[in-house]
Amino acid sequence: MSKHAKRNILTLMTGMGISQVILIAATPIITRLFSAGDIGVFGFYVTVISILVIFYTGRYEIAIMLPKSDSSALDIYKVAIRRSIIFSISFFFIFMLIYESLLMYLEINKEWSLYIIPIGALILAFFNINVQLSIRTFKYFYISKARVVHSLISSLLSVLIALLFKPIALFLVLSDLLGRMLSIMSFHKAYTVSDLFNITSKQRSLKERYSKFSTFEQITSFLSIASLQLPIIVIPFIFGTQVAGFYFIIYRVLTAPISLISNAVLDVFKSDASRDFNNTGSTRNIFISTTKKLFLIGLIPFTILVFFAPEIFTLM
């Protein structure tokens, strides 16, 4: 792993670390202001949009890393954005049909926060697509800035609104949504995209070229996320939203140190691996080097959680 890659990882880890510290610091306050049931509904919202965003973008944002030319990468960016908007509109009408059944499934009264699921998934799609383009163009500072903005705004709004009004799940969802929207604005100084809705023959060709990639990525990403977050969807059905809220809090805190390292390394790895493959036709060296370092670094949070997890969650 080169010095350049290590510097980029450090930049991403700094931003991710600050954002995680903000979220963890705000968790004890939020758990005392909002009920476990409200947090359970919020956890359900976060999980659903995390799954929906896979199909919104078709995972075309990952293909942004693949072309040799930046102009082709920008065309794939536009394809992913347009697809996300179309799928968001389509899902909104589907969601209206299943809304009442969803309330019965969660065993709750009319919950306005669930109406935000289609737009929440769209905003998350925009965020993910911009992250991938920033990785492609080595704008790692903007990624870090966006993550900090999201954590800071969503946490502050959740606490402030809960202190001023009656705490309900809707405020948690709106705070997260607004924080994500403001974080997307952090990318605007990184690059300018024009003619977003001007569909060209080149874009159609690229969409077709990476269609199989998109299909396989959607399947693997869905299975990966579902295997980790499916309990947050299933638990409300079996035990109710209150138990789901407790589970979501534990899940969020436990994954914080893991995502701090893994996301930063993965983002840089995708960029460097794509460059190595385009130049040499192989990613073997960077893969082996990164895997060894990840194993050694992962021992730190693993050791801390093994010995101190009960004390940590007592504070929550």
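How many helices and how many strands are there in the chain? There are ten helices and zero strands, where helices (H or I, at least four residues) and strands (E, at least two) are DSSP runs numbered from the N terminus.

## Model and confidence

Let's start with the ground rules. Residues are numbered from 1 along each chain as its sequence is written. This is a predicted model in which local features need pLDDT of at least 70, side-chain atom pairs count only at pLDDT 80 or more, and totals for chains, interfaces and linings use all residues, while side-chain values use heavy atoms, leaving out hydrogens and water.

The chain has a mean pLDDT (the predictor's confidence in each residue, from 0 to 100) of 82, with 88% of its residues at 70 or more. Confidence is highest in helix α4, at a mean of 92, and lowest in helix α10 (residues 284-315), at 73.

## Overall fold

Along the sequence, the pattern reads α-α-α-α-α-α-α-α-α-α. The chain has 316 residues, and 49% of them are buried (under 20% relative accessible area; exposed is over 50% and partly exposed lies in between, with a 1.4 Å probe and protein chains only).

Contact here means heavy atoms within 4.5 Å. Among contacts in the chain with a separation of 6 or more, 83% join residues 24 or more positions apart.

## How α2 meets α4

Two packed helices are described by the angle and the distance between their axes. For helix α2 (residues 36-57) and helix α4 (residues 117-136), the axes come within 8 Å and cross at roughly 60°. Those axes are lines fitted to C-alpha atoms, for helices over the stretch in contact, with angles from 0 to 180 degrees between N-to-C directions. The angle therefore makes α2 oblique to α4 (under 35 degrees is roughly parallel, over 145 roughly antiparallel, 65 to 115 roughly perpendicular, and the rest oblique).

On the α2 side, the contacting residues include F44, Y45, V48 and I49, and on the α4 side they include L122, L124, A125 and I129. By class, this contact has 14 nonpolar, four polar and no charged residues (Ala, Val, Leu, Ile, Met, Phe, Trp, Tyr, Cys and Pro are nonpolar, Asp, Glu, Lys and Arg charged, and the others, Gly among them, polar).

D75 sits in helix α3 (residues 70-106) and is buried, with a relative accessible area of 9%. Leaving aside residues up to four places away in sequence, D75 touches K202, Q203 and L206.

R204 belongs to helix α7 (residues 201-209) and is exposed, at 54% relative accessible area. Although R204 and D75 are 129 residues apart along the chain, their C-alpha atoms are separated by 9.3 Å.
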